[in-house]
Amino acid sequence: MTANKTLLLCSCDKTQTFNPEALQKAAGAEQVITVDQLCGTELNVAAEHLGTNNEVLIACGQQSALFERLSEDVYAEISHAAPLHTIDIRDRAGWSAPDAKPERQHAKQAALIAAAQLPAPMAPAKTTQSNGVCCIVGPTEQAIRMAELVQDDLGVTCIVNDAGPIQLPSAAYDVAKGKLTSAYGALGNFKLEFSQLQTLNPAGRGELGYGEVKSTARSECDVFIDLRGMAPAFPSHEKRNGYFWADPKKTGELERIALTARERVGEFEKTVYFRLEESLCAHSRASKPGCTRCLDVCCTEAIFSAGDHIQIDSDICAGCGACAAVCPTSAITMNETSFEGITKTAEVMAKVYREHTNESPRLVFHTLDTGAEAIANLARYDDGLADDLLPIGLEHIDRVGHAEIMAAFGAGYAEVLILADNQLDERMVAAEVELAQALLQGTQNSPSRVRVISAIELCNAGENAARVSDPILLVGGRRDITRVTVAAMSDKLEEPIPLPKGAPYGAIEIDSDKCTLCLACVSLCPTGALGDHGERPEVQFTENACVQCGICDSTCPETAITLKPQLDVSKAALSPRTLHSEEPFECISCGTPFGVASTINRIIEKLENQHWMYKNSDNVQLIKMCDDCRVKAQFHGDSAPMAGGERPRIRTSDDYLDS
């Protein structure tokens with residue numbers, strides 16, 4: 001038990017109960033204090049303990065801002081304040097249905113507090129510089145109006161896309177006319193391209209006019225305001241920092257945007273959400289296409305191809321984690337919500353809950369904003385979370401992949417639910433949920449134990465409530481834990497589990513009639529799943545290493561390879577097995593094995609007495625020789641095609657003197 005920690009518990013005006021001893025143990029606290037109105041009549045209790053040197057953990061999430069301000073006030077008075085942490089155990093556990101079992105509620109509270117003691121992840125940050133250069137694109141009237149709103153804080157250029165009149169030129173901003181054709185970048189580094197660009201000529205008397213037309217033009221800016229009223233310039237535009245999109249006809253939109261846009265000047269910290277290990281990437285080899293899973297799911301288009309691997313623009317990346325959830329080789333991992341962190345949190349909560357109830361809990365993944373708000377509303381106005389349902393909050397729900405789901409089952413959960421904020425979230429996680437359900441199909445468990453739910457379903461008891469699922473040791477990466485979990489849950493270890501197309505597990509099949517054993521697939525396999533034999537023509541395959549990237553398929557010149565998505569959890573998948581093997585052809589001159597017997601014989605069959613070089617001659621024998629013997633035969637035989645004449649005798653000085 002960690003000393004110098006105080007746990008403050010509040011019954012929220014006697015609307016929830018708890019087990020102080022169990023929560024004290026879960027928090028590793030030296031002492032536990034229980035009150036009824038910590039944010040009201042008993043606020044002095046919090047102030048008293050914040051004035052000590054002890055670390056303070058307050059089990060109240062709703063009033064966290066109040067306690068933070070109180071901590072600042074205490075520090076201002078006595079020049080020190082205890083380290084403060086807050087956690088919600090009321091909305092997620094304490095407030096539940098009237099018929100909820102108290103022992104389950106108390107177990108949930110202990111599980112939440114125990115998980116909160118895990119070290120918080122540390123994500124690196126980079127500095128983004130914005131000098132306030134702003135480009136506004138849209139109709140003349142709205143663009144000029146927006147320019148007037150932000151001109152005091154930003155350096156503005158308006159690119160209007162209509163022929164609207166400009167009453168008076170202004171030195172506070174520039175105006176041009178053109179059509180936006182492409183846009184790239186984020187705050188501090190937008191790159192825009194325009195066609196048919198004309199700059200405004202502010203000189204002269206009378207109506208203002210535009211200058212010479214430029215067919216194409218490029219511009220860079222720090223802030224990009226898009227008032228065109230059409231589709232946004234970027235996918236998932238709300239996640240693009242520094243980009244502001246709005247319908248200019250909507251009342252109050254320009255003023256709303258201006259308030260935020262004017263603040264985008266100076267230095268900003270941008271979290272680097274991901275880690276990329278290029279050597280593990282199976283995107284491509286030798287210009288042959290392979291895995292594109294991360295490219296397919298990136299909602300902000302921050303990922304792009306860079307030859308044999310991908311690259312991620314950290315300025316554009318919004319940290320949703322969908323790429324890490326689908327990456328089959330763990331080339332992409334997340335800094336804030338790592339697979340190891342999610343797995344450890346789920347494991348700790350399940351362990352504590354099981355210790356108090358001797359039952360297996362159910363798990364729900366939700367977002368920290370919309371999902372947490374839905375849970376809070378259900379707790380206050382409805383029955384709240386079911387008493388056996390443990391929540392894990394994430395910034396983005398598309399961070400959840402099949403490996404996170406299977407790790408939860410490995411930790412002993414009876415069900416895994418995903419609370420989607422909207423239909424877009426449902427589509428983002430659909431493929432991974434389908435894969436997890438297919439993995440369960442090969443076990444004695446129902447695929448319905450994994451599903452996407454709506455908020456109202458959080459109150460309902462599940463079909464697997466009170467089920468006991470034995471946990472396993474969760475060691476290794478995503479693929480290791482998935483495989484071990486499925487093996488532990490499966491009752492048919494020797495039969496591979498068929499999986500949906502695109503799954504990152506599987507085998508390959510080789511058509512022996514087409515394969516020439518050129519071994520191009522072996523040389524380009526990025527994971528080492530394909531190998532050869534040192535003494536004979538042979539393709540070997542280790543199924544556990546295959547990520548179904550498809551490079552072998554796209555590389556094969558004979559189209560002899562077919563991908564077969566499946567998961568084999570037997571020991572056979574861990575060892576190489578032969579897919580295609582043939583005897584080597586032996587040189588007719590020296591006996592050295594070379595080439596593939598069937599290939600050499602096929603070449604001889606096609607050329608002998610068919611091609612002019614191989615008619616009425618023994619040239620066909622050259623095909624049957626190894627490289628060394630073939631060269632010797634071409635230069636030194638009596639009828640060798642490349643043999644020279646008899647070498648003349650070397651003349652000496654005596655020959656010259658005698659002549």
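**Close-up 1. Leu-499 sits in the loop between strand E25 (497–498) and strand E26 (506–510).** Helices (H or I, at least four residues) and strands (E, at least two) are DSSP runs, numbered from the N terminus. This is a predicted model, in which local features need pLDDT of at least 70, side-chain atom pairs count only at pLDDT 80 or more, and totals for chains, interfaces and linings use all residues. Residues are numbered from 1 along each chain as its sequence is written, and side-chain values use heavy atoms, with hydrogens and water left out. With a relative accessible area of 10%, Leu-499 is buried; buried means under 20% relative accessible area, exposed over 50%, and partly exposed in between (1.4 Å probe, protein chains only). Setting aside residues up to four places away in sequence, Leu-499 touches Leu-435, Ala-438, Leu-439, Tyr-505, Pro-565, Gln-566 and Leu-567, where contact means heavy atoms within 4.5 Å. Go looking for Gln-441 too: it is 58 residues from Leu-499 in sequence, but their C-alpha atoms are 9.3 Å apart in space.

**Close-up 2. The largest nonpolar core holds 62 residues.** A nonpolar core here is a set of buried Ala, Val, Leu, Ile, Met, Phe, Trp, Tyr and Cys residues joined through side-chain atoms within 4.5 Å. Ile-113, Met-349, Phe-365, Tyr-413 and Leu-499 touch the most other members. As a general point, nonpolar side chains in soluble globular proteins tend to be buried together.

**Close-up 3. Helix H12 (residues 402–410) is mostly covered, with 9 of its 9 residues buried.** The buried residues are His-402, Ala-403, Glu-404, Ile-405, Met-406, Ala-407, Ala-408, Phe-409 and Gly-410. What covers them includes H10, strand E21 (362–367), strand E23 (416–419), helix H13 (423–441), strand E24 (450–453) and helix H14 (478–489). Just after H12, Gly-412 takes a positive phi of about 110°.

**Close-up 4. H10 and H12 cross at roughly 25°, and their axes come within 9 Å.** Axes are lines fitted to C-alpha atoms, for helices over the stretch in contact, and angles run from 0 to 180 degrees between N-to-C directions. That makes H10 roughly parallel to H12: angles under 35 degrees count as roughly parallel, over 145 as roughly antiparallel, 65 to 115 as roughly perpendicular and the rest as oblique. The crossing of H10 and H12 is right-handed; the label is left-handed if the near helix is turned anticlockwise from the far one by less than a right angle, and right-handed if clockwise. Phe-339, Ile-342 and Thr-343 of H10 meet Ala-403, Glu-404 and Ala-407 of H12. Sorted by type, the residues of this contact are 4 nonpolar, 1 polar and 1 charged (Ala, Val, Leu, Ile, Met, Phe, Trp, Tyr, Cys and Pro count as nonpolar, Asp, Glu, Lys and Arg as charged, and the others, Gly among them, as polar).

**Close-up 5. H12 also packs on H13, at an angle of about 40° and with axes 8 Å apart.** H12 and H13 are therefore oblique to each other, and H12 passes H13 in a right-handed crossing. From H12, the contact uses His-402, Ile-405, Met-406 and Phe-409; from H13, it uses Glu-432, Leu-435, Ala-436, Leu-439 and Leu-440.

**Close-up 6. Ser-236 and Glu-301 are non-glycine residues with positive phi.** Ser-236, with phi near 50°, belongs to the loop between strand E12 (223–226) and strand E13 (243–245). Glu-301, with phi near 60°, lies in the loop between helix H8 (293–297) and strand E18 (303–306). Ser-236 is buried at 19% relative accessible area, while Glu-301 counts as exposed at 53%.

**Close-up 7. His-106 is found in helix H5 (residues 102–116).** This histidine is buried, with a relative accessible area of 17%. Leaving aside neighbours within four places in sequence, His-106 is in contact with Thr-17, Phe-18, Asn-19 and Leu-23.
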